[in-house]
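Okay, everyone, thanks for coming. Have a look at the model on the screen, and then I'll talk you through how its parts meet.

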Amino acid sequence: MVVESIPQPVGFIYGFLAFVTLIGLWYSGRFTRRRAMPFLIASAFFGFLIFAPVFPYQLQLVVLGDTVALGSPVPMALGALLTFVVLALIVGRIICGQVCPAGAVQELMYLLPVKKHNRAGSRIPVAVRAGVFVVFIAASLGLSVNLLALIGLSDFFHLAAMSASFFVFLAIVLLSATIYRPFCRYICPYGALLAPAASKALYQLRRTDACIDCGKCERACPTGAADPAAGLGECYLCGRCTEVCPVEGALVYKRREKKIT
Ligand code: SF4
Ligand code: SF4
């Protein structure tokens, strides 16, 4: 369905505006999952319409040095991708939360009312993703293999149902109805860069003195990141924890220096 006549920068302009708006919602304390829903839908839509801003695929093209598919010089695309990694050091994984179409599609699938299978807090997804990242780099630089094309990231959004790889990514998307963001947590090479940055982010979700230790946020979190002992690298800023918190001001998005937990 991707409409090639629409320039990809349109998708990146949307992505930037969504990113800024979401920062504003979190910073002002007005982020809710209901308010985030239009961004999830719009991001998924832009993925199918323009195939942008699909950040992991841009990273794949940068590593392959594919300027034709990128539509821009490699240094420019690399600079933009690294800028968002640096921004994750300040605001966390807002890009992953509701802006990246690959993440948005999985987040929407996870809303389906089917039984969930998550091992929240397990380090296995992070370890697997780190291994995949090494394979991704080796395959790209050593063999010029487009790993993300092989697993169908591009074919899925292009609705190229004649291709076998389309069904690989379709299977991942279907899996995301029951397992939270399998592509993001086990595979995404861009997520592998964003996660360590987000774990050190200046602004993070933190508990305050108002917390009554009811544990509702931890039970609602599909990744285990709501546990104060866990790092926030796997926090996708989905808003499930803040939605279930029964005490006003107990769980807030704020500067790291002020953390109390
Ligand atoms: S982890 Fe990767 S695929 Fe998932 S939302 Fe972030 S950039 Fe997109
Ligand atoms: S529920 Fe977990 S992943 Fe979602 S915002 Fe809260 S800590 Fe982050």
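**Where the two domains meet**

Let's start with charges: across the interface of domain 1 and domain 2, the rule finds 4 salt bridges, a salt bridge being a side-chain nitrogen of Lys or Arg within 4 Å of a carboxyl oxygen of Asp or Glu. Glu234 and Arg93 form a salt bridge, with their closest N and O atoms 3.5 Å apart.

Quick word on the source: this is a predicted model, where local features need pLDDT of at least 70 and side-chain atom pairs count only at pLDDT 80 or more, while totals for chains, interfaces and linings use all residues. Residues are numbered from 1 along each chain as its sequence is written, chains are lettered from A and ligands numbered from 1 in the order written, and side-chain values use heavy atoms, leaving out hydrogens and water.

So where are the domains? Domain 1 covers 9-199 and domain 2 covers 203-258, with bounds from an automatic or database domain assignment. Their centres, taken over C-alpha atoms, are 23 Å apart. Domain 1 puts 27 residues into the contact and domain 2 puts in 20, contact meaning heavy atoms within 4.5 Å.

And how much area is buried between domain 1 and domain 2? About 2,100 Å², with carbon and sulfur atoms giving 53% of that; buried area is the accessible area (1.4 Å probe) that two parts lose on being put together, summed over both.

That's my tour, thanks.
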